[in-house]
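Hi,

Here is the structure I promised to pass on. Have a look at it first, then read my notes below.

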Amino acid sequence: MAELQTLSNLFATTYNPDPNVQKSGELQIRKIGGQEGMVKLLLEMIGNDNVELATRQAGAVYLKNRVFTSYNVDPEALRRDAIPIAPSDCDALKQSILRLLAVSPSRSITFQLASSLKDMVSRDFPDRWPNLLDEVKAMLASDEIRQVAAGCVASLEIVRAFRYNQSTNTLPKLVEQLFPILVHVATNLIQTPPANASQEIPNMLHLIIKTYRTSIVFSLSKHQQSKESLVPWGNLLFHIINLQVPPEAVPEDEEERERSEWWKAKKWAYSILERLFNRFGNPSQLPSAMKKDYQAFAEHFVTSFAPEIIKTYLHQLELYISGQSWLSQKCQYQMLTFMTDCIKPKSTWALLKPHYETLVRSYVFPQLSWNATRQEQWDSDPVDYIRTAVDEYEAFDTPVSAATSFLLALASNRTKITFLSILGFINSILRSGAAPPQRFGALNMTAALGRLIMNHPDVKGNMEQFLVSHVLPEFSSPEPYLRAIAAEVLGTVESSGLQWNNEQNLVTSLTAISALLEEPEIPVRVQGALALTAMIAAHDSVKMAVSPQVGKVIQTILKLSDETDLDLLNTSMATIVEQYQTELLPVAAELTSRLCETYIRLARESVTADDSGNDLDIDALREDSPGEDKTFTAMGVAKTIGTIVSAVDSSPEILAQVQEIIIPIIVFTLENKIIDLYDNMYEIVDVLTFNLKSISVNTWQIFELSYKAFKNEAIDFLDEMLPALDNFLSYGTDVFKARPDYRHMIFDIYSTALTSDHLGDNDMVHACKLMECFLQNLRGHVDDYLEPIITTASKVIGTEKTTELRLSNFEVLINAVLYNPAATLHIMERLQTGSSRVFFDQWFEFINTDSRLPRVNDKKLTLVTICALLEMDPGAVPAPLHEVFPRIVAGALKLFKALPNAIEVRNLFQKATEEELEEEDNDEAWVLNLNEEEEDVWDEDSATLEMLANEGARLRERSQKIANGDDLSDVSEDTEIMEDLGYISPLDTIDPYITFKQALTAFQMKNGSGYQAATTSLSPEQQTWLMDVMRIAETNEAKAASGQA
């Protein structure tokens, strides 16, 4: 092992400006990294003040990554290239890391050590590190401030290690032992006025408050719900929130001030109160699954704490609005989010109601008005401005976002009280001849409320006059931001069902919007394009007026999309393609080519951005990928391409051209393993291959790449791949017959899915569907796979956790019988004597239980398979089946009796699904609460939280039972098996009645004694069913002969 100096010199090379020296050093470190004693020496280096700071920092980064990959990792989870840290080095780490935190010379090294500590704690505490908590408590009780600071860091990391772990009681125990000490430390720290406080004080406060917030991500322990905990922590939080931090204690620059320790502490204090109320302390919104644990706490919190919080927040906002104090953006966001949560409960709404108008006028309106920040962003980065303006998820944690949410919550949840008052305020601004920034604010509020306005029975009729009076004039405004917001208002109400009484007003609006597409300002053009799209979709007259220029409009939006990479423009383009399918047919190939160029550019940039972070850095793993934005935009482009594919399906020639243009982008995506885009690509492959009903030569490379992907990075993408794979089998049958390697790929996908530990029941169901397609489309060409298929399916029987997998897996065996009855039954017997009888007995359990073959295809598959058995040569029937073989006729009759009802159920389900999709297309579900009574509000969001909480409770119960080794028989995983309306099978063209009639005739001819046994054992009722089936078969034969079928 190298000595300390040698090791220091080696780590110094990792930041050497010469890349060759740097690479050589990294290789040497990797070479010696697994040696025992290396970590112990590295710890000495990090803690040695005589070593350069940069070298110690490089060592700390290496240590963090080494601990993450190799510290007491489960051998099955250990990376292939990772060497476990030796036990002696693990002991050295536990003995040294807290001390190193206390003497850390920089925040960067502290961060790396803290990250290492968290990973160590998650794997060792409490069993292999029983004295950790006592060491941390001793540090928190120390007179040395650096020891206390290190104790605060350690406390945070210990809690972080268990914040998502609800399967053990570790976190509640930690909270009970650590938090009384932490609140005591923080309470003492807060006594020092900020102006006189050392740098460590706000840092420690920040860490302590963040530790509490981290502990309540999912649950609130019994200790935290108690008065002994709630009172001191509540007093601390209020103290921090009310604390006036003097200017000299924080940076002058507002962005730096936002990041200062004092304001971080305040941010987390606000966040704790919001979380306590939102998740645990709001009885009117508390999901039923959480009431047992939190009902009492919620009722106490909402009556004893919520009023004081509202009072405190109103005071803080008053100080901020009057200019007497400064509030960070994050604090404003948390404060308004809490106020928004107070709108639904009756008790907190009663406290907030007297103040809502003041909040709207004095806080919400200024936040939504034009200001210097908006202007600076417009000037410096107009693309970022418009992205933030139109994408609600782009900046969700800002005061503007919180103010908008607060406004919408008021209008939708307390409509009778607030709505007309808010609209009156907007109108007063616009009628008063206010300055452009204020007019922007009023119109911005209108855009936010637009869908609610168009849903209000007493207001929507006035919208046309509002547009004429206050919106259309702004299209002539010299201020570009007013032209943009006017377009947004118009687009919003158009997409929400605006009906014009005066056609000239519509024409005027169209003219104004069309002119915006020629403007130099990007935000104006974008809003113009979005508004024009809404108008085209809403009005036939607009659609006709734009039709001659639709090619130019599309080109304009394409150019704008390339400039901005804005996903909404892809949605806009897709809508226009849907509206002008016939007009765009001649340019479909050109349009697709342009979109594919854009897609490839975005995909390449995404790959490049992700490749730039390939070196293992745990911080990078925990943050968003640098190529995420590009990937998200590429998804939108792919959806637009998919829309074009669907739009040109009436022209096979054009669709074939489009396919050849698209294939390279699919190949590029699969070859470069851009997993986030696989879903979009397989949707396109599915639509292309299904609509063309053929597989071109170039398309087969997609099949080959899909197999490679499944065997590597995309093993869990079988759900997305299945429709495309089904199409390859259905429409590329001749190629599969000629290519044994392709047949092997399909079988290997099936076998892998059914035997892999990485896949679940849902994936196995998809694999079974794939095997059904394989056997039905390649009859007579996959004999070699019959035995391994039967073996694989038979091994799964009895292990299935869901009804759907139980049925799907068994239907693989039924399909094998259909494929070749004699061969399949004899293979079963050869594998295990009597297994064909076992199969028959299990099969008839399915047949005789109404709910076990629920779908039309399930019944039809069994019927057709019974027909294949009836046509068997009697000598081919295995001996164990002789006794039960005649039962198959009665089984078929039972299915025939149930088949009409199953078909009716499927038709009703299809009709309901179509109606639901139509409702979704038309539903802007911006529901207003028009009730006179001011009771608790329970809306769709509340119901969603209820559902999520109940599902979470169910999954936790199941996980706990698995961990305890308990019986899971009473924890159902089943859901009703629904008809798969998109599933197309070779059996669809088979008439089961005609097939059964022909098979029964063959049965009589080939096996007279069997036929007699089967028919004479029928009851009178079954005899009647048999005659009915024969009559329907004859009717269907007559129809088929006359061409009516």
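Let's begin with Cys 773: this residue counts as buried because its relative accessibility is 4% (buried means under 20% relative accessible area, exposed over 50%, partly exposed in between, with a 1.4 Å probe and protein chains only). Before you go on, note that this is a predicted model, where local features need pLDDT of at least 70, side-chain atom pairs count only at pLDDT 80 or more, and totals for chains, interfaces and linings use all residues. Residues are numbered from 1 along each chain as its sequence is written, and side-chain values use heavy atoms, leaving out hydrogens and water.

For Cys 773, the nearest cysteine sulfur belongs to Cys 768 and is 13 Å away. Cys 90 is another buried one, at 3% relative accessibility.

Next, a pair of helices (DSSP runs of H or I, at least four residues, numbered from the N terminus). Helix α19 (residues 356-368) packs against helix α24 (residues 436-453) at an angle of about 95°, and their axes are 8 Å apart. That makes α19 roughly perpendicular to α24, a label for angles of 65 to 115 degrees. On the α19 side, Val 360, Phe 365 and Leu 368 make the contact (heavy atoms within 4.5 Å); their partners in α24 include Phe 440 and Met 445.

Finally, Ala 512 sits in helix α27 (residues 503-516) and is buried at 16% relative accessibility.

Cheers

Notes: Helix = DSSP H or I, 4+ residues; strand = E, 2+ residues; numbered from the N terminus. Disulfide = S-S within 2.5 Å. Axes fitted to C-alpha atoms, helices over the stretch in contact; angles between N-to-C directions. Parallel < 35°, antiparallel > 145°, perpendicular 65-115°, else oblique.
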